[in-house]
Amino acid sequence: MKIKENFKRKLYILLTVLLILLVFSKSIVNFITNYIWFKNVGFLSVFTVQVITKLILFIPIIVFIFIGMKIYLNRLSRKYIKLGQVILTEKQIANNKKIFMWFSLIISSYVSLITTQDLWFKTLQFINRTSFNQMDPIFNKDISFYVFTLPFLHSLLISAITIVAIFIVVTLLFYIAMMRLYPPAEGSLYDFNEITSRPNFKSIFRKELAQYGLRKVAVFGFLFFVFLSYYFYLKGFYLMYSARGVAYGASYTDINVTLLGYRIITIISLIGAPIFSYSILKNKKILMLVAPVSILIMILGMSGIAIFVQQLVVEPDEITKEKEFLEYNIFHTQYGFNLQNVETVDYEVKQSITYEDILSNSETISNIRINDARPLKQTFNQIQVIRLYYDFNDVDIDRYNINGKYTEVFISARELNPEKLIDSAQTWINMHLKYTHGYGIVMAPVNKVTNEGQPELIFKNIPPITTTGLVINQPEIYFGELANGYIIVNSKEKEFDYPSGSDNKETMYSGTAGITLGAVNRTLFSIRENSMKLLFSTNITNESKIIINRNIKDRVNKLAPFIIFDENPYIVLDEITGRLYWIIDGYSVTNQYPYSQTYSFNGFPTNYIRNSVKAVVDAYNGDVSFYVYDVEDPLIKTYSKIFEGVFKNKALMPDSLKNHVKYPQDYFDLQGEVYREYHVVNPMVFYNGEDVWDISNEKFMENIQKIESNYVMFKLPEEDKAEFSVILPYTPREKPNMASLLVGRSDYENYGKLLIYRLPKDKTIDGPMMIESRIDQDSTISPQFTLWGQEGSSVLRGNVIVVPIDGSLLYVEPIYIQADNKNSIPEMKRVIIAYENKIVMENNLEDALKVLFNQSIEENQVEYNTDNTVLNELLRRYNELKNYVDELETIINELIDQYE
């Protein structure tokens with residue numbers, strides 16, 4: 001009999017283990033394959049630190065809760081049986097113990113998993129925290145307390161409250177279940193009235209069974225009030241994120257009313273803990289209510305007083321009462337968004353340049369952008385995809401030394417998009433073994449177009465043809481923005497390399513990426529990818545390798561999930577090695593910085609951000625390097641301590657890649673949005689909104705929109721050479737004239753510096769929308785647009801580029817024509833330049849500058865003025881008709897006035 005029971009027990013355990021393995025098989029396989037992948041790419045520490053930390057937290061938490069819950073339930077059971085005079089068999093008691101054990105295991109596992117997932121990274125941040133060397137103005141605590149310590153303490157508190165709450169619920173469920181299954185003996189829970197024979201519920205408190213339960217309530221009540229006390233103590237620090245006052249952060253009312261209230265409730269809760277427990281044990285009903293009623297009265301009273309103070313004390317004298325807190329908000333918001341060191345340059349806008357000045361600034365002029373990335377993407381995807389399965393996902397702006405000249409260019413990677421294969425060609429072999437990589441890049445200078453209005457390509461075609469003197473030694477792109485899904489290389493099936501006439505060239509991968517598919521790995525990855533073909537395909541050998549996580553954004557996010565990465569990676573050609581790399585900007589972000597206003601950044605609420613990391617991904621091998629670009633950032637310092645060896649000093653980045661690092665637009669745009677208001681340091685001016693700026697508007701294509709920041713190459717004051725910078729123009733609030741120009745520097749040792757060009761307030765400086773209005777009102781340009789629009793084409797407006805040059809400002813806008821048919825592409829047909837009160841439109845930038853500064857040009861180049869006689873005649877008649885209509889409108893208005 002005993003042997004049979006042992007066999008049953010072992011069979012039961014075996015079936016349980018098999019069931020667990022079946023249920024969690026995919027998770028187990030993902031865990032193992034993740035370990036293999038992290039080890040393969042050289043970032044095993046990211047994986048092991050996370051796993052080890054979670055185990056260090058999980059094991060003691062589950063052991064503590066499991067043993068505590070099991071002992072607690074068994075003790076409750078024994079006491080219930082004894083005090084309730086319940087008679088149970090040995091088998092019933094044994095079954096109950098099994099139920100208690102499994103229940104404890106399930107509850108402890110769930111709570112431990114949730115708690116560990118919440119705490120593991122906060123614990124590491126707390127242990128490895130780095131000082132900000134910046135104190136908050138209220139509690140005089142280092143900012144690291146709010147960023148690293150407070151979230152950790154808050155999570156600990158929530159975990160403790162959760163565990164106590166679970167024990168309370170379990171206790172209630174236990175008594176409900178036991179009283180239904182095993183009712184206590186008559187008289188053990190309450191007495192009966194001898195006269196009416198009805199239960200006397202008042203007698204419950206005199207019974208040992210009830211008294212035992214009440215002792216549990218007393219213990220839990222004590223813990224509840226202790227935790228409540230600590231909760232309100234921490235809540236005082238969270239006032240640093242209050243939105244009650246005129247600015248973000250603790251306000252006058254928060255500090256003088258709410259904080260005091262929280263401290264009083266903290267004391268009441270702490271004193272109330274033993275009082276509540278004592279009153280439960282001694283059945284002192286009135287005393288039992290003292291603590292909870294006092295806290296409730298205090299909360300309601302505090303809220304009422306806060307409203308009273310805010311409306312009757314603060315608001316009538318708001319600027320005086322809130323001035324101190326406004327100063328805190330301005331200072332910490334500027335610091336939070338790295339705007340504390342913006343250099344101010346007073347730019348007089350003399351508008352006194354000559355054509356000779358234009359010639360002497362050839363580096364700036366030759367890099368003025370007369371094309372736009374968005375229409376260019378459409379153009380590239382029509383004239384350079386070569387085959388339907390290629391795609392240009394994005395067009396980026398960068399700069400290269402081309403034939404000895406510092407040149408601003410558009411650059412885009414030709415990626416493979418197997419989803420564009422026809423349906424019948426989307427086989428497993430094609431999708432995973434055959435079509436594995438993109439090929440090469442397209443490059444065009446920003447300031448040149450062909451006679452047809454198309455970009456002048458200096459890198460094009462497959463294999464790449466170039467006039468730049470640059471060389472691509474490794475044009476294959478295995479890792480990119482469109483590289484989704486796994487591929488298998490070094491199989492029996494050769495890879496498609498690139499098209500060559502009516503034939504296709506094939507290749508075999510010779511890089512270092514990939515995990516060798518031995519028998520075990522092949523089985524694991526077939527489960528991971530849900531692919532039986534991967535397991536049984538005869539094209540795969542022991543030398544074959546599987547490459548996963550090829551999408552560069554997914555790849556860096558998996559390797560450094562604590563960094564927020566830019567949405568716009570850009571391709572770079574290393575001029576030294578001839579290899580292609582992707583550069584992705586990474587940001588250390590938190591929303592726990594006190595007194596700093598919160599903004600949204602790529603979907604994340606943010607009040608502290610630094611562009612702390614540049615991730616570099618090899619487009620062929622997938623090798624990833626994280627270079628630290630803000631060594632003063634406490635967040636990246638903390639991450640570097642947690643994940644040793646993951647981050648490299650920027651000095652280790654090859655110079656050939658450093659030359660292509662640029663001030664990221666997403667980051668700059670966020671700073672630009674913040675700086676609209678927070679360039680003001682005077683709290684009185686800030687409060688009244690007297691000097692708020694707007695980001696300029698522009699007409700882009702056919703719509704009016706906020707102007708985008710633009711990369712521009714120009715020479716800054718007191719600099720000898722033109723620099724590659726990003727700029728953003730501001731206007732005064734709800735006005736079209738320009739007030740200032742924000743500049744982010746990208747080149748050389750000045751990388752990351754911000755300047756604000758403050759324009760004079762005593763004269764009107766044209767903003768982009770004023771230029772747009774002048775274009776619409778120009779008697780030559782506007783009719784030209786109208787005629788083009790009447791000839792089955794659309795007139796599309798490019799970005800307005802503001803170019804500072806020798807104390808003056810030039811405004812440049814490209815004009816596109818797009819035929820009204822499905823397959824047409826925009827063609828850059830004219831360039832408009834505005835300067836002072838002059839505005840001209842010519843075929844190209846060079847001609848426009850000559851006309852603007854009264855220089856002669858060859859007549860046959862001014863196409864819309866001389867070559868097209870019919871067009872000129874139409875223009876003349878249009879102007880005559882327009883004048884006639886204007887005169888008629890004037891006569892009608894005069895007649896109406898006389899009639900009235």
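The model is predicted, so local features need pLDDT of at least 70 and side-chain atom pairs count only at pLDDT 80 or more, while totals for chains, interfaces and linings use all residues. Residues are numbered from 1 along each chain as its sequence is written, and side-chain values use heavy atoms, with hydrogens and water left out.

Thr-606 is found in strand S21 (residues 604-606); helices (H or I, at least four residues) and strands (E, at least two) are DSSP runs, numbered from the N terminus. Thr-606 is buried, with a relative accessible area of 0%. The term buried means under 20% relative accessible area, exposed means over 50%, and partly exposed lies in between (1.4 Å probe, protein chains only).

Salt bridges come next. A salt bridge is a side-chain nitrogen of Lys or Arg within 4 Å of a carboxyl oxygen of Asp or Glu. By this rule the count comes to 26 salt bridges. Asp-747 and Arg-399 form one of them, with the closest N and O atoms 2.9 Å apart. Asp-747 lies in the loop between strand S30 (740-745) and strand S31 (754-758) and Arg-399 in strand S5 (residues 396-402), so the pair ties together parts that are 348 residues apart in sequence. Asp-747 is buried at a relative accessible area of 2%, and Arg-399 is buried with a relative accessible area of 2%.

Lys-614 forms a salt bridge with Asp-585, and the closest N and O atoms are 2.3 Å apart. Here Lys-614 lies in strand S22 (residues 608-618) and Asp-585 in strand S19 (residues 580-590), so parts 29 residues apart in sequence are tied together. Both Lys-614 and Asp-585 are buried. In the salt bridge of Glu-719 and Arg-745 the N to O distance is 3.2 Å. Glu-719 lies in the loop between strand S28 (710-715) and strand S29 (722-732) and Arg-745 in strand S30, so this pair ties together parts that are 26 residues apart in sequence. Glu-719 is partly exposed, with a relative accessible area of 30%, whereas Arg-745 counts as buried at 5%. Elsewhere, salt bridges that share partners join Lys-699, Glu-772, Asp-776, Arg-797 and Glu-813 into one network.

The strands also deserve a look. Strands of a sheet pair through backbone hydrogen bonds, either parallel or antiparallel. Two strands are taken to pair if DSSP finds at least two bridges between them. An open sheet of three strands has the order S12-S16-S15, with antiparallel pairing. Strand S12 (487-489) and strand S15 (515-516) stand at the edges with a single partner strand each, so one side of each is left without a neighbour in the sheet. S15 is joined to strand S16 (residues 545-547) by two bridges, and Thr-516 stands opposite Lys-545 in S16.

Strand S35 (residues 827-835) is mostly covered, with seven of its nine residues buried. Seven bridges join S35 to strand S34 (residues 808-819), and these two run antiparallel; Tyr-811 stands opposite Ala-834 in S35. Five bridges join S35 to strand S36 (residues 838-842), also antiparallel, and Tyr-835 has Lys-838 in S36 as its bridge partner. The hairpin of S35 and S36 has two residues between the strands, and Glu-836 there takes a positive phi near 55°.

Backbone geometry supplies further detail. Most residues other than glycine have a negative phi, and most peptide bonds are trans. Val-349 has a positive phi near 50° and is buried at 3% relative accessible area. Tyr-595 has a positive phi near 70°, lies in the loop between S19 and strand S20 (599-601), and counts as buried at 0% relative accessibility. A cis peptide bond, with omega about -15°, joins Ile-462 and Pro-463; Pro-463 lies in the loop between strand S9 (459-460) and strand S10 (465-466).
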